[in-house]
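Please examine the sequence and the model before reading each solution.

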Amino acid sequence: MDFKKEKMKILVTGATGFIGKDLCEKLLNEGHQIHYLTTSKTKLINKKNYEGFLWDPAKTELDTAALKEVDAIINLAGHTINCKWNKANKALILNSRIDSSNTLFKTLKENQHQVKYILNVSAIGIYRSSYGNCYDESNTNYGTDFLAEVCKQWETANQRFEQLGIKTSIARLGLVLSKDGGVLYELDKVVSKGLGACLGNGKQWMSWIHKKDVIHSLSYLSDHQLKGVFNIVAPRPVVQKEFLEHLAQKRNRKLWLPNIPEFLIQIALGERAALVLSSQQVTSSKLENKGYSFLYPGLESALNEIYS
């Protein structure tokens, strides 16, 4: 029997961000209605099927009108990790996520609503860095670095929605490939100038995903209201050296510079070095077994689309 997609009213946090903006566009095109939350009055919009509401997660405050007739929530809120990891920013990275989840939980617990499903975004950074392991969603070999700790606390906060009788899903995003942000955007800055080099030994696994597949897979989880944890990564991860070679070829450049030693990267980036030195080989088989078909399963097809 073919799946019949129901039109829903969906509350989205992080709706104006890197992922949220494109996701809302797709949901609107599919006929859904969007309520979104923002901390800024200047970002409030009220037009057909797209309406904004104020919230202040740091104060656990939310305009309860945002919940009116809402069937599902997609929670993307969180401060970018692409910043200096000083004490203040690390607190902001963690608290922005925990405060957002706490505010949603408190508001849903204390007010009448018809929300049946919530989809929360996390990251594959929760898994311990490893050259040999291949991680599926059942694996609890979690890391102990800053990003892993953020993900663990974030997911613990998000699992609580089950206590309210709300079907709960967590999407662990891989390295998102896009021209307008994410890991590819940063690497392309140097590779396109002919200055690309492996960071560390180049053997780190990169579990990547095309941004369009992120948008489509999140929409797929929401439409089918799939419950549980899902790795949102392409089926064919590659090691860093292979990734950079594909990128250099696509940009008509050569990867000729010697590897940059790990200790130099750690001196330059401090804890943030984990963003380029950690290795997570992650499988998407659970998502595929639920019927999702990737638009760009291989790196070559993904880069061809991005640079077409």
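**Salt bridges and helix packing**

K189 is partly exposed, with a relative accessible area of 39%, where buried means under 20%, exposed over 50% and partly exposed in between (1.4 Å probe, protein chains only). The model is predicted: local features need pLDDT of at least 70, side-chain atom pairs count only at pLDDT 80 or more, and totals for chains, interfaces and linings use all residues. Residues are numbered from 1 along each chain as its sequence is written, and side-chain values use heavy atoms, leaving out hydrogens and water.

**Exercise 1.** Determine with which residue K189 forms a salt bridge.

*Solution.* A salt bridge is a side-chain nitrogen of Lys or Arg within 4 Å of a carboxyl oxygen of Asp or Glu. The partner of K189 is E186, the closest N and O atoms being 3.3 Å apart. Both residues lie in helix α4, 3 residues apart, about one turn of the helix. E186 is partly exposed at 32% relative accessibility.

**Exercise 2.** Describe how helix α4 packs against helix α6.

*Solution.* The axes of α4 (residues 182–191) and α6 (residues 240–250) are 10 Å apart, at an angle of about 60°. Therefore α4 is oblique to α6, since angles under 35 degrees count as roughly parallel, over 145 as roughly antiparallel, 65 to 115 as roughly perpendicular and the rest as oblique.

Key:
Axes are lines fitted to C-alpha atoms, for helices over the stretch in contact, and angles run from 0 to 180 degrees between N-to-C directions. Helices (H or I, at least four residues) and strands (E, at least two) are DSSP runs, numbered from the N terminus.
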